[in-house]
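Reader: I have a chain open and would like to go through it with you. Can we start with the charges?

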Amino acid sequence: MINDLKLNLKSGLLFLSSKLIVSLILLILSSFLFQFSLIQVIIFCGVLILTDIVILSLIGQKRRSELDSIKKIIENIRINSFKSADDIKMESSLLDLEQEVKSMFLKTNNAITHLKKLEQYRTEFLGNVSHELRTPIFAIQGYIETLLEGALNDDKVNKVFLQKANNHTLYLNNLVNDLIDISMIESGKMQMSFRYFNAHEFLDGVIFELRQHAVKKNLELNLIPFENTIQIFGDRQRLRQVMNNLIMNAIKYTESGSVEVGVIQKGKYVKVFVRDTGIGIAENDINRIFERFYRVDRDRSREMGGSGLGLAIVKHIVEAHGSKVEVSSQLKKGSEFYFSLKI
Ligand code: ADP
């Protein structure tokens, strides 16, 4: 922008000097034609030069004040004293420049806000991770110390303590695996491989592997019958992770009744759902359960080996399929999680 001003100044000077030369030529020609005296020619020249000097100095003053106002604005941006782009005001002759500076200011401000948010997000995430890691590590330490201090020889508690320590190591393992997944997803390093595959065969396989967990809790785990030729489009391995998380949650948070999995065709899409007859989720919590580490009942979740990251991972993977995971739930009646996939 300073260059623009210099250019303006140069073209002003050029204009004035060419004007001066043309006027002088005209004056000399007219002095021959109309036979002006030398004194008259000198007076004319003097007047011409004087007016040009006055005009030049006025232009110079104007440009200097424009430059000063630009310098002031740059300094204010540098020391962060503008609260909003509206605070940036230049002289009326510099409206285009004012718009440009405003849009640059907004762009930089947005980038700074984004960076600040990322920093806050990173600090929160680290805080959560340390907290989540500390709890099981302290618990394992506690059990081992108690065993070493004598409980090892007490047949009434030794196995119970070992079992509890083992549960915490399982939880740690889940947590670390989920942390690796979420950091891969959020840093955009998760590779997706999309293809068509048979929905029935896929869900049958997932349910087969998880049935033992339902059986342990006396729950039914069923695949609701549907057209067995339906081909869904997606990353099979990642969708397996989605279904695992949703079905395992349904089993974890259901005390009696059943967990049902199914597919409903809707034009060029299918709705994939997992529904249970479990504890349900309160309205206040529904919007938050997809946040990292959010649990309705922290102790209950941890007791069952939950990392609090399962639904955040589900959300990311489903979104990577161009879809959205949704939930409808009623307290003490049950929940349904569902999303769409292309067929
Ligand atoms: P967690 O590892 O704690 O299960 P998730 O991210 O998978 O973490 O789920 C977050 C929270 O959402 C859970 O702690 C639980 O409170 C709630 N939730 C998830 N699925 C269900 C469900 N099927 N029924 C009731 N509550 C659920």
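Author: The protein chain carries 44 positive and 39 negative side chains, and the centres of the two sets lie 4 Å apart. Lys and Arg count as positive and Asp and Glu as negative, with His and the chain ends not counted. Each charge is placed at NZ of Lys, CZ of Arg, CG of Asp or CD of Glu.

Reader: What kind of model is this?

Author: This is a predicted model, where local features need pLDDT of at least 70, side-chain atom pairs count only at pLDDT 80 or more, and totals for chains, interfaces and linings use all residues. Residues are numbered from 1 along each chain as its sequence is written, and side-chain values use heavy atoms, with hydrogens and water left out.

Reader: How many helices and strands?

Author: Nine helices and seven strands, taken as DSSP runs (helices H or I, at least four residues; strands E, at least two) and numbered from the N terminus.

Reader: And how much of the protein chain is buried?

Author: 35% of the 343 residues, where buried means under 20% relative accessible area, exposed over 50% and partly exposed in between (1.4 Å probe, protein chains only).

Reader: Where is Lys-332?

Author: In the loop between β6 (326-330) and β7 (334-342). Phi of Lys-332 is near 65°, a positive value, and at 77% relative accessibility Lys-332 counts as exposed.
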